[in-house]
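Here is a structure to look through. A few questions and answers follow.

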Amino acid sequence: MLFKENIGLKIEEEFVRSIIDFLTDKGWVKQDLKIKYGDDIGYNFSTDWGRLDGIDVLDTVAIPKCFYSDKYSDNENIMSLVLNLKKLYKFDLVKIAEINNISLDRLIVLFCILHEIGHCINSHKQVKAFKDNKTFLKELRLRQEIIRSMRFSVEFDGSITDRKTFDKASLDYRKMNLERIADRYAMKFMKLYGKELCAMANKIEYEVIAFV
């Protein structure tokens with residue numbers, strides 16, 4: 001297991017802001033990005049829409065208040081990210097964690113945040129046409145189909161009931177063009193600044209989760 005029972009990583013807004021500021025100083029982030037906590041209980045990271053010059057653009061990194069794997073989500077759901085990155089890109093998070101002396105769960109949190117920042121950077125680069133872009137519209141529909149498949153293969157408690165369907169849906173998700181772009185940004189940041197970023201992520205602390 002990545003996590004001890006009822007223990008998770010508390011993701012502070014200050015930490016996410018430090019990552020955004022770091023990449024801003026390096027010249028990658030050129031617009032102000034916002035941060036918000038997601039409403040759901042779980043380990044989901046995402047982005048949200050804003051407006052730039054009257055045009056829809058991704059400008060917000062949404063994060064869970066705590067990142068954990070117990071009761072509400074199965075450890076294998078999270079590990080699919082690790083397996084698929086290695087399968088698609090030979091990008092080995094386990095090895096990177098060992099090299100940088102960081103726990104795998106902290107590294108996954110870092111990667112997910114970098115991935116969402118990558119979505120925002122790509123959106124800003126294509127701001128004049130992003131939300132009307134044929135790739136975006138096509139993948140929006142495909143994303144809904146993939147998420148539906150994953151939900152049908154997972155029980156409420158996160159246990160996987162249909163391994164084949166789940167693995168295929170998980171891999172198909174990472175193969176989508178916009179997800180690949182975000183993954184490549186995250187991998188590039190790790191390759192360029194892995195030591196500094198991991199040192200920052202190593203400061204994330206654990207907290208006890210009170211399940212209701």
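Q: Is Phe-111 buried or exposed?
A: This is a predicted model, where local features need pLDDT of at least 70, side-chain atom pairs count only at pLDDT 80 or more, and totals for chains, interfaces and linings use all residues. Residues are numbered from 1 along each chain as its sequence is written, and side-chain values use heavy atoms, leaving out hydrogens and water. Buried means under 20% relative accessible area, exposed over 50%, partly exposed in between (1.4 Å probe, protein chains only). Phe-111 has 1% relative accessibility, so the residue counts as buried.

Q: How many aromatic pairs does the structure hold?
A: Rings of Phe, Tyr and Trp (its six-membered ring) pair if their centres lie within 6.5 Å; planes under 30 degrees apart count as stacked, over 60 as edge-to-face and the rest as tilted. By this rule the number of aromatic pairs is 5.

Q: Which helices hold Phe-22 and Tyr-193?
A: Phe-22 and Tyr-193 pair edge-to-face, 5.4 Å centre to centre, with 85 degrees between the planes. Helices (H or I, at least four residues) and strands (E, at least two) are DSSP runs, numbered from the N terminus. The pair ties together parts 171 residues apart in sequence, because Phe-22 lies in helix H1 and Tyr-193 in helix H7.

Q: What is the order of the open sheet of 3 strands?
A: Two strands pair if DSSP finds at least two bridges between them. Strand S1 and S6 pair in the antiparallel sense over 4 bridges. The pairing in the sheet is antiparallel, and the order is S5-S1-S6.
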